[in-house]
Amino acid sequence: MAKKDYYEMLGVKRNASEQEIKQAYRRLARKYHPDVNPDDKSAEAKFKEINEAHEVLANKESRKKYDKYGDQWQYAEQFEKARQQQTPRWDFSDTGGETGFHFGGEGLGSLFDDLLFGGGRTRTHTRRTRPMRGQNLEAKVEVTLEEAFHGTIRTINLQSEEPCATCQGTGLIHNAPCSTCQGAGTAPRMKRLEVKIPAGVKTGSRVRIAGKGSPGYNGGPSGDLYLAISVKPHRQFERRGDDLYVDVPVPLTVAVLGGEVQVPTMKGKLALKIPPETQNGRSFRLAEQGMPHLGNSSRGDMFARVNVVLPTKLSDREKELFRQLSKLSST
């Protein structure tokens, strides 16, 4: 699997500041946004990539993990835990795929395989005769921003390797290779699951569904299912962590004299009071109108950015009034 270089996706150096990352993201987002490139699948795919890269690099914690573990940063806690508990009894000799990180002579690629798949691929037939935990499975799930806000239900199809029914996962019958599974001890099986996506997920979130992975061997417990979440870009809202940003059109007269405008939120529109002489680009914070924090009831904030709309198709009278205003301003 090709490794993802989020810095390269955004066109910034690895030591880029938060501001440089933000500026690069905004520049590329404007260039590849689906509204600017209708029916261009390559632009849409590029937009998703830069959105994913920004989600990770804009967050200090996820960026720190990414800098250490690369595109396997989501498993940082598991790697650290396994590093502390690693013992010589594990055999990673035939997993291959070194990533460049080493723990006591073992490659992170091998360690990753053991964490993700339960080490089943390297265990011998003799060891499979003991109860053994089933493999963990992973499924990629893409959701809309609205689904990430409210939570949703997904039905997914999974193919897993399950213990062969003939040899009960041992791979042997009377000390000879099982003819059904050719000695592998496993057989592929498709299964359909309905899973719950909690409110507050973001690109890079991993949702654990306990006991929904592959069945265990010889009476061992089932593995877990992990949902790798990605959130589709939204046409109106920009997400940064759990905060949302939205541009709000404000008529010139309201910006100058003050008034009210309607601000879209994930729960409907809210009235926002605009003070007199509001400058273009000014942001107003709407507390707890952003995304839910995953795992608790609090929410991020909404930031409404003023986009002053200049009048068009002016009448002669309106033009004359602007001329008079110009003369007053110059004096």
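Is Glu-320 buried or partly exposed, and what is its relative accessible area? In this predicted model, Glu-320 is partly exposed, with a relative accessible area of 32%. Its salt-bridge partner is Arg-323, and the closest N and O atoms of the two side chains are 3.4 Å apart. Both residues belong to helix H9 (residues 316-330), where three residues, about one turn of the helix, separate them. Arg-323 is likewise partly exposed, at 47%.

Salt bridges that share partners also join Lys-41, Glu-44, Lys-48 and Glu-142 into one network. Within this group, the side chains of Lys-48 and Glu-142 meet at 3.3 Å, N to O. This pair links distant parts of the chain, since Lys-48 lies in helix H3 (residues 41-57) and Glu-142 in strand S3 (residues 137-143), 94 residues apart. Lys-48 has a relative accessible area of 31% and Glu-142 one of 32%; the former is partly exposed, as is the latter.

A further salt bridge connects Glu-238 with Arg-240 at 3.0 Å, N to O. Here Glu-238 is buried, with a relative accessible area of 13%, and Arg-240 is buried at 16%. In total, the structure contains 16 salt bridges.

Among the strands, S12 (residues 259-265) and S13 (residues 268-274) run antiparallel and are joined by seven bridges. A hairpin of two residues connects S12 to S13, and Val-261 stands opposite Leu-272 in S13.

Methods: Residues are numbered from 1 along each chain as its sequence is written. This is a predicted model: local features need pLDDT of at least 70, side-chain atom pairs count only at pLDDT 80 or more; totals for chains, interfaces and linings use all residues. Side-chain values use heavy atoms; hydrogens and water are left out. Two strands pair if DSSP finds at least two bridges between them. Helices (H or I, at least four residues) and strands (E, at least two) are DSSP runs, numbered from the N terminus. A salt bridge is a side-chain nitrogen of Lys or Arg within 4 Å of a carboxyl oxygen of Asp or Glu. Buried means under 20% relative accessible area, exposed over 50%, partly exposed in between (1.4 Å probe, protein chains only).
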